[in-house]
Amino acid sequence: MRDTTIRRITTHVLSAPLKAEFAYSQAWYGNRTAMLVEIETDSGHIGWGEAFGPPGISASVVSHLSPLLIGRDAMATDLHWQTMYNALRDHGQRGGAIEGLSAIDIALWDLRGKYLDTSVAVLLGGPMRSRVQAYATGLYRQRKSDDAMLCDEARQYAGQGFSAVKLKIGFGLAADITTTGCIRDAIGADIGLMVDANHAYDVADALAYARACADMGLGWFEEPVIPEDMAGYAEVRRASTIPIAGGEAAFTRFGFRDLFLARAIDIAQPDAMAVGGITECKRVFDMATAFGIRCNPHVWGTGIGLAASLQLLAVVPHAPPSLNPREPLLEFDCTEHPIRQAILQRPLEPARGWIDIPSGPGLGIEIDRDALTRFATRT
């Protein structure tokens, strides 16, 4: 057998300016960034991973953790996860520490699949589906945005074949209610509409929004309050007729355990690049079934994060199972991101709202190294 010993771990911090700034409820984006991890074994196999969040933080975490893995067997994904988490437990059980761990874990799964010449989905137990329906994440704000522009954007997504779109709210309660109504009218009742406040509300405003929009057929109300306020989440969920979603700011199975025990959400949204990688995301999926909670992963990154999410979406269990189960959806970021598809030799794009799950080895993607050079940050 060829050697699977880890020889080298490299981070790639990338950045690209945007043609136009855009905002969600918490910040403006003037550029898009990424922190990628490349792991190489003595056999020459290479695995790729990606971290969510500020690249500088996660890159430093990877540098800190790398000595624990160099010289070890790349196939031992569970062992490495536990080793890394134990090394961080006293210093960072969430946030940037776990995001860095996530990138390493994703790369190790990619390596494992490539070495065994099979997809991550097969390694996770076998795919339940070979393609998934995507919804369009967009409808952010620009400096001169108005409801007419947002409605035009939403109609464009519907015209491209997306069966659902997600609107960013959190720009003032009255304005949010008005905008939501405008978008619903623009796309009609047959196109799904979800909203994401990015924790811009307190409980009072979240409930006011939920009451005002109760008859608009919203698929879910995402991150209504700050992630630290689990009791507030539960209060909103009890009073809202709109399903409550959250979890992109929850970390590891322990964070989701607390959300589930509090009955705080209807829909769990673990992000493989943040929650603890593919290893931990699968654990969250399985735990969610015990609580009867749906899973729709959060996805926000480059083609590597997208590919990892697709492998996981292949194995999301139905909750509850039935002859006509509710299928998970892929969050497809439609905002400007020069790096997203450029780093892939073959882009991952939906066609008429559906996207095939790559069936090749590992994550099923190949990286364009010229793009890594082109977008590399200069220090």
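This is a predicted model: local features need pLDDT of at least 70, side-chain atom pairs count only at pLDDT 80 or more; totals for chains, interfaces and linings use all residues.
Three strands form an open sheet in the order β1-β2-β3. The pairing is antiparallel. β1 and β3 are the edge strands, and each pairs on one side only. From one strand to the next, the twist averages 20°.

Strand β1 covers residues 6-23 and strand β2 covers residues 28-41. They pair in the antiparallel sense over 13 bridges. A hairpin of four residues joins β1 to β2.

As background, strands of a sheet pair through backbone hydrogen bonds, either parallel or antiparallel.

**Two helix pairs**

Two packed helices are described by the angle between their axes and the distance between the axes. The table gives both values for each pair.

| Helix pair | Residues | Angle | Axis distance |
|---|---|---|---|
| α2 and α3 | 77-88 and 96-116 | about 165° | 10 Å |
| α5 and α6 | 147-159 and 173-187 | about 40° | 9 Å |

Take α2 and α3 to begin with. Their angle is about 165°. Angles over 145 degrees count as roughly antiparallel, so α2 and α3 are roughly antiparallel to each other. α2 passes α3 in a right-handed crossing. On the α2 side, the contact uses Thr77, His80, Trp81, Met84, Tyr85 and Leu88. On the α3 side, it uses Ala97, Ile98, Leu101, Ile104, Asp105, Leu108, Trp109 and Arg112. By class, this contact holds 10 nonpolar, two polar and two charged residues.

Now α5 and α6. Their angle is about 40°. The helices are therefore oblique to each other. The crossing of α5 over α6 is right-handed. From α5 come Asp147, Leu150, Cys151, Ala154 and Arg155. They meet Thr178, Thr179, Cys182, Ile183, Ala186 and Ile187 of α6. The residues of this contact divide into seven nonpolar, two polar and two charged.

Where does glycine 276 lie in the chain? It is in the loop between α10 (272-275) and α11 (277-291). Is glycine 276 buried or exposed? Its relative accessible area is 0%. Buried means under 20%, so glycine 276 is buried.

Glycine 276 and leucine 101 are 175 residues apart in sequence, yet 6.2 Å apart in space, C-alpha to C-alpha. Leaving out residues up to four places away in sequence, glycine 276 touches Trp81, Ile98, Leu101, Ser102 and Asp105.

**Backbone exceptions**

Most residues other than glycine have a negative phi, and most peptide bonds are trans.

Aspartate 117 is not a glycine, but has a positive phi of about 55°. It is placed in the loop between α3 and α4 (120-123). Its relative accessibility is 58%, so aspartate 117 counts as exposed.

Arginine 263 also has a positive phi, of about 50°, without being a glycine. Its loop runs between α9 (252-261) and β9 (267-268). At 37% relative accessibility, arginine 263 counts as partly exposed.

Which peptide bond is cis? The bond from alanine 319 to proline 320 is, with omega near 0°. Proline 320 lies in the loop between α12 (303-313) and β11 (329-333).

Terms used. Residues are numbered from 1 along each chain as its sequence is written. Side-chain values use heavy atoms; hydrogens and water are left out. Axes are lines fitted to C-alpha atoms, for helices over the stretch in contact, and angles run from 0 to 180 degrees between N-to-C directions. Helices (H or I, at least four residues) and strands (E, at least two) are DSSP runs, numbered from the N terminus. Angles under 35 degrees count as roughly parallel, over 145 as roughly antiparallel, 65 to 115 as roughly perpendicular and the rest as oblique. A crossing is left-handed if the near helix is turned anticlockwise from the far one by less than a right angle, and right-handed if clockwise. Contact means heavy atoms within 4.5 Å. Ala, Val, Leu, Ile, Met, Phe, Trp, Tyr, Cys and Pro count as nonpolar, Asp, Glu, Lys and Arg as charged, and the others, Gly among them, as polar. Two strands pair if DSSP finds at least two bridges between them. Buried means under 20% relative accessible area, exposed over 50%, partly exposed in between (1.4 Å probe, protein chains only).
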